[in-house]
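Let me put it up first and then jot down what I look up.

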Amino acid sequence: MSIPTRRDAVENRAGILDAATAAIGHDPRASIDTIARRAGLSRRALYGHFDDRNAIVREVIAAGAARFNAIADDVDDADSRVALARLASELWREAAHVQAAAALALDDAHLPETSAALAPLRRRIDAIVRRGQEAEELRTDLPAPTLARLLEETGRMVVSRVDAESSTARSIAVCAVLGMAGLSWTEARGILAQHPELEAQA
């Protein structure tokens, strides 16, 4: 029979993850000492919850993936173009607050585990693409799995390269994804004009 985890231990672990997300969001190379200071714990206390820095990073990635998956689950626009625009917009808003942490999760070193954690999001993108191709709303010159992967890579590039502080960052993210999906710049801007909430600053 397992012993229930004490409430303060659960709260300390959550606090460490919050601190790690903030620290890595500011500096992807943030050390264990930096994370411990942000959490208000000693290095020794932190090691009571996690074996090493990589274990913390893995949990930060898993928590971020869960938030991304929840966002994808909430996107239900009938028009696939609007659905992709909303997905890109909301994912960017989430990632922009911790851009360095998001970029770290998407770098080559962590991509396999991130990819596995984001399986629900990937399935959602694939479903939107298939529906959009069937309705001839999205480009049909590529198979759905290929286009879905290209959309993922476009999102990855945006998170890694676009300045989160820019007032146009959110619209850039949306237009980049829609452009890869086969829409012209004018068409992408038209969708943003019809749905201004998709480019409003967070």
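My entries below go through a helix pair, a record annotation and the salt bridges.

**Entry: before I start.** I'm working with a predicted model.

**Entry: a helix pair.** I looked up how helix α5 (residues 80-96) sits against helix α10 (residues 169-180). Two packed helices are described by the angle between their axes and the distance between the axes. Here the axes come within 9 Å and cross at roughly 140°. Angles over 145 degrees would count as roughly antiparallel, but α5 and α10 are oblique to each other. I also noted the handedness of their crossing, which is right-handed.

Next I wanted to know which residues make the contact. On α5 I wrote down R81, L84, A85, A88, S89, E90, W92 and R93. On α10 my list reads A169, R170, A173, V174, V177 and L178. Sorted by class, the α5 contact with α10 has nine nonpolar residues, four charged and one polar.

**Entry: an annotation.** I checked UniProt, where an unreviewed entry lists residues 31-50 as "DNA-binding region". What does that span look like in the model, in helix and strand? I get 65% helix and 0% strand for residues 31-50, with the end C-alpha atoms 14 Å apart.

**Entry: salt bridges.** How many salt bridges does the structure hold? My note says 15.

Definitions and conventions
Residues are numbered from 1 along each chain as its sequence is written. This is a predicted model: local features need pLDDT of at least 70, side-chain atom pairs count only at pLDDT 80 or more; totals for chains, interfaces and linings use all residues. Side-chain values use heavy atoms; hydrogens and water are left out. Axes are lines fitted to C-alpha atoms, for helices over the stretch in contact, and angles run from 0 to 180 degrees between N-to-C directions. Helices (H or I, at least four residues) and strands (E, at least two) are DSSP runs, numbered from the N terminus. Angles under 35 degrees count as roughly parallel, over 145 as roughly antiparallel, 65 to 115 as roughly perpendicular and the rest as oblique. A crossing is left-handed if the near helix is turned anticlockwise from the far one by less than a right angle, and right-handed if clockwise. Contact means heavy atoms within 4.5 Å. Ala, Val, Leu, Ile, Met, Phe, Trp, Tyr, Cys and Pro count as nonpolar, Asp, Glu, Lys and Arg as charged, and the others, Gly among them, as polar. UniProt positions are given in the numbering used here, feature names are shortened, and annotations may be inferred rather than shown by experiment. A salt bridge is a side-chain nitrogen of Lys or Arg within 4 Å of a carboxyl oxygen of Asp or Glu.
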